[in-house]
Amino acid sequence: MRATPESEAERPATERQALGAAERRKWSSLVRQDLQNTVIDALGDPSLYGVVVVGAPGVGKATFARSVEARLTPKTHVLHLHGSTDVSTPFGALAHLVARLPVDAADSPGAIIHGISHLISSDAAGREVLLVLSELPALDSMSTALLVHLLISGTAKVLVTVRQATDMPEDLIRLLKDGLLDEVELQVFSRAEVAKLLSGVLGKRVTATAASALHASSGGNPLVLQAIVTEQLRSGNLHLAGQVWAMKGEIHLSSAEVLTDLVRSRLARETPAVQEALELLALIRTAPLAVLLDVLEPEVVAEMEWSGYLRVEPSGARRVALRDEYMGEVIRGWMDLPRRNELRRLAAGVIGSITRDLDAEALLALPLRH
């Protein structure tokens with residue numbers, strides 16, 4: 001049950017303060033110190049041009065990169081580059097620097113590269129330069145050429161965050177294969193890391209039961225964990241019992257407004273076909289891969305797997321389910337009966353093929369026929 005304004009006001013000040021702290025802290029920085037040290041050491045290695053940080057959506061790549069930046073400041077000049085799905089504009093990722101060049105410096109690509117290199121060095125004022133590329137959809141060819149020039153000339157190092165290394169421009173992939181870029185993979189938090197993180201954020205130890213429940217419900221995903229903890233604190237389900245934080249009851253994700261917003265935001269970035277497929281799989285929970293491919297376009301299933309939404313059994317019927325259980329619970333929570341019936345018509349073939357294999361709970365989760 002959600003806390004009313006009156007019950008919220010009656011909660012101990014320590015709990016209300018902890019909620020604020022949970023919203024303000026950079027969660028990843030509390031448990032990834034060793035990995036930060038690895039990245040910082042690699043950025044200082046004269047034989048390397050930089051580091052590529054790879055990881056699934058929500059694993060904390062952006063927060064991790066900001067934590068690295070914070071530790072390098074003020075001895076480092078940090079410049080953020082942003083790719084675009086429109087790669088037709090030359091130097092589009094550095095348009096703000098191109099605009100600062102004298103008119104006669106924009107006569108040729110070579111002059112622009114030289115001019116921007118000079119601008120960056122001038123802005124750095126003797127400090128090291130770090131170029132940060134975050135979740136790039138694409139870089140135009142001239143921005144990529146300038147980036148490689150800055151790396152090879154020793155003007156700058158680069159810190160890239162992507163879902164997988166193959167998302168980078170070909171020139172950067174080649175540098176990675178040649179050992180000129182280091183690669184670091186961010187994993188989801190372990191149960192021990194969740195317990196350490198929560199103790200650091202909340203200021204007091206968390207019970208083993210609470211840590212296990214929060215780890216299981218979030219899948220160790222930092223962004224999801226923060227949303228769930230914020231909701232559990234707000235509702236009072238995660239409360240301070242003496243000198244430790246404990247859970248009063250079960251975690252019900254479908255009622256977590258912050259988590260619902262997170263899932264909606266993530267789905268909003270997907271195509272309508274992928275959105276509908278995720279709703280379908282959330283509803284039926286699991287299906288053999290062959291059956292799913294009969295109902296959905298193979299390209300849609302491939303996109304879902306590439307984006308990290310699916311968990312596929314390696315053998316047998318190769319059953320498919322959503323990788324993150326919280327996503328299925330949240331999606332089911334916002335579906336009304338008309339939408340469930342609409343999806344049932346879409347999934348008639350799937351449901352007919354798999355009901356004999358579903359357990360009672362999964363059968364009850366299917367939409368009613370009206």
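1. The protein chain contains 19 helices and 11 strands. The model under discussion is a predicted one. Of the 370 residues in the protein chain, 49% count as buried. Where contacts in the protein chain join residues at least 6 apart in sequence, 74% of them link residues at least 24 apart.

2. Spanning residues 222-235, α11 has 14 residues. From its first C-alpha to its last, α11 reaches 20 Å, which is close to the 20 Å expected at 1.5 Å a residue. Because 10 of its 14 residues are buried, α11 is largely enclosed by the rest of the structure. The buried residues of α11 are P222, V224, L225, A227, I228, V229, T230, E231, Q232 and L233.

3. Both ends of α11 have a feature to record. Just after α11, G236 adopts a positive phi of about 90°.

4. N221 belongs to the loop between α10 (208-218) and α11. Is N221 buried or exposed? With a relative accessibility of 6%, N221 counts as buried, since the cut-off for that class is under 20%. Leaving aside residues up to four places away in sequence, N221 touches P57, G58, V59 and V188.

5. Two helix pairs illustrate the packing. Two packed helices are described by the angle between their axes and the distance between the axes. Helix α13 (residues 272-284) packs against helix α17 (residues 337-346) at an angle of about 95°, and their axes are 10 Å apart. The two helices α13 and α17 are therefore roughly perpendicular to each other. Their contact brings E276, E279, L280 and L283 of α13 to R339, R340, L343 and L346 of α17. By class, this contact of α13 with α17 comprises four nonpolar, no polar and four charged residues.

6. The second pair is α7 (residues 141-152) with α8 (residues 170-177), which pack at an angle of about 30° with their axes 9 Å apart. Helices α7 and α8 are therefore roughly parallel to each other. On the α7 side the contact involves T144, L147, V148 and L151, which meet D171, L172 and L175 in α8. The residues of this contact of α7 with α8 fall into five nonpolar, one polar and one charged. An α-helix has 3.6 residues a turn, so residues three or four places apart point the same way.

7. Some backbone details deserve a check by the reader. Which residues does a cis peptide bond join? The bond lies between T73 and P74, and its omega is about 10°. P74 sits in the loop between α4 (61-72) and β2 (76-81).

8. Positive phi values also occur in residues other than glycine. For F91, in the loop between β2 and α5 (95-98), phi is near 60°. F91 is buried, having a relative accessible area of 4%. For A125, in the loop between α6 (109-124) and β3 (128-134), phi is near 50°. A125 counts as exposed, at 64% relative accessibility.

Technical notes. Residues numbered from 1 in each chain as written. Predicted model: local features only at pLDDT ≥ 70, side-chain atom pairs only at ≥ 80, totals over all residues. Heavy atoms only, no water. Axes fitted to C-alpha atoms, helices over the stretch in contact; angles between N-to-C directions. Helix = DSSP H or I, 4+ residues; strand = E, 2+ residues; numbered from the N terminus. Parallel < 35°, antiparallel > 145°, perpendicular 65-115°, else oblique. Contact = heavy atoms within 4.5 Å. Nonpolar A, V, L, I, M, F, W, Y, C, P; charged D, E, K, R; others polar. Expected span 1.5 Å × (residues − 1). Buried < 20%, exposed > 50% of the residue type's maximum accessible area, 1.4 Å probe, protein only.
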